[in-house]
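My notes follow in the order I looked.

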Amino acid sequence: MDASTSTGGRWLWAGFGLLASVAGIAAAHLIAAATNPAASPVLAVGSNVIDLTPTPVKTWAIREFGTSDKPILIGSVFAGVLILAALAGIAARRRLEIGIAFVLVLAAVAGAAAWSRPVATPRDLLPALTAAVVGSAVLIYLARLTRVSAGAPATSSPTTESLETPTEQNGTARTPALPRAQRRTVLIAGAVIAAASGATAAGGRWLSRIRSRVTEVALPRPAVPAPPLPADLANLNSEISALRTPRGEFYRVDINLTVPVVSLDDWDLRIDGDVENPFRLTFDDLLAMELIERDITLTCVSNEVGGKYVGAARWLGVSLKELLDRAGVKPGNDQLLSTATDGFTISTPLEIALKNPDAMVAIGMNGKSLPADHGFPARLVVPGLYGYVGATKWLRRLTVTTYDADEAYWTERGWSIDGPIKASARIDTPRPFAKVKAGTVVIGGVAWAQGQGVARVEVQIDDGPWQPAILGGDVNLDYWRQWYLPWEAMSGSHSVAVRTTTDQGEVQTPVRVDPFPNGSSGIQQIQVNVD
């Protein structure tokens, strides 16, 4: 450096590091919003954390935090970055080059995380490069504001004490304090940088939301529309889940920290692998094909007994069997490997994909094109299978192969390869530990047994006999069924349990099993307090 000296204490320089980091991240987030949101530094690092997290920890996080697991992860990564950024600022107090190197290393880690994603391109490095340039520039700028000429008098006014380093006990000289005018300049500059960073980050969030909302596409009518749904028991008791889950309330469980932004101009669906006639389809090609419409209930394998990760919707799409028949599947294959636009993969048993007439590449949900967070422009919907083997969102490729040749994301992590959904019933009302008045209380909820159908739902109060519940209308074998039971509740604490029986006579098992590796099982039982 020239003949000048750094002024200000550790806390001031830690603040410089924080400002530099926040400014760099905000600028990078804006660039990522315009290119690939998933390449934003914090999100890119967070995605790699998800991939490296052991399966039991992931299952625990989903169980304990639900859909809040992603914000918690992002917040944790961001907090870690801020701590390291503060250390970079403190290091820069002694030698600016060390602080800058610290910032560049943080940016390099973000760049490496973005580059390691399955379908990364050179443009995914732009956010990290932006963070490096902006972060370094801000740190250099703030450091220059604290330089005073060698030999200039250092003030020691009480008004500047917070910006000084206390005198060491061994008598070494303290770091000079900022003169009052210079201190004002630093504070104003810091406030401006913080405000600009906040505005830049907000701009990035706004741009990402705008780009992800461009999903409204006019869809043709299906060749054979699905029949009308029966009466919805939720109209009689709003605590019972609606017969058709609204799009905005449909569960979402995936590894994506941000929703992929897909442009229809650049999108196509490739069907390839061990087939006679590999081919590609644009979105317009899909619209021109004969579309099927089906009412199907989807279930996440992470759903605990009585959990909320299940939803029912009306899906519109192209028959999966029709696509595979056109490709000409060669003998000896047993897996359909589906790949999302971000490189995420799911494996589906090929036999089920070929034999289930209702399996589809879906492009519509509840009368509209797919929402961005549920797979726009196309997703896989395979009735009877948990989502981790049959519901790929943001679909881009279908590859006919074998389990010996290729492993998908979840099966590589020890989850079962088949994933049939287990029959289960859920109590929606009353809530666990609810307080209700003595008298007639409605117990109600939904039950599902995809591929088998719900024939009966029974409720047990305390240790009493299993009582048959009143069932709502039967939509089809792959759709859940509403149920309720009027209960003459008496004062005291009571246990309430529910189970279902399939059309094949299979009674829901009472054996309690965790979701890993092929779905939970057991009987839901809740406690209710009656006044």
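Are D254 and K70 buried or exposed? I found both buried. This is a predicted model, so I checked confidence next.

**Confidence.** I read a mean pLDDT of 91 for the chain, with 92% of residues at 70 or more. Residues 1–5 fall below 50, and I noted 14 contacts for them beyond near neighbours in sequence. The pLDDT also stays under 50 over residues 148–173. That stretch has 42 contacts beyond four places in sequence.

**Salt bridges.** I counted 21 in the structure. One of them pairs D254 with K70, the closest N and O atoms being 3.8 Å apart. D254 sits in the loop between helix 7 and strand 3, while K70 belongs to helix 4. The two are 184 residues apart.

D254 also meets R252, at 2.7 Å from N to O. I put D254 down as buried because its relative accessible area is 14%, under the 20% cut-off. R252, at 24%, counts as partly exposed.

Next I looked at D268 and R396, whose closest N and O atoms are 3.3 Å apart in a salt bridge. D268 is in strand 3 and R396 in strand 12, so the pair ties together parts 128 residues apart in sequence. D268 counts as buried at 17%. R396 is partly exposed at 26%. Shared partners join K70, R252, D254 and K393 into one salt-bridge network.

**Helix 6.** I checked its length over residues 126–145. Its 20 residues should span 28 Å at 1.5 Å a residue, and the end C-alpha atoms are 29 Å apart, which agrees. Its buried residues include P127, G135, L139 and L142.

Notes: Residues are numbered from 1 along each chain as its sequence is written. This is a predicted model: local features need pLDDT of at least 70, side-chain atom pairs count only at pLDDT 80 or more; totals for chains, interfaces and linings use all residues. Side-chain values use heavy atoms; hydrogens and water are left out. pLDDT is the predictor's confidence in each residue, from 0 to 100. Contact means heavy atoms within 4.5 Å. Helices (H or I, at least four residues) and strands (E, at least two) are DSSP runs, numbered from the N terminus. The expected span of a helix is 1.5 Å times one less than its number of residues. Buried means under 20% relative accessible area, exposed over 50%, partly exposed in between (1.4 Å probe, protein chains only). A salt bridge is a side-chain nitrogen of Lys or Arg within 4 Å of a carboxyl oxygen of Asp or Glu.
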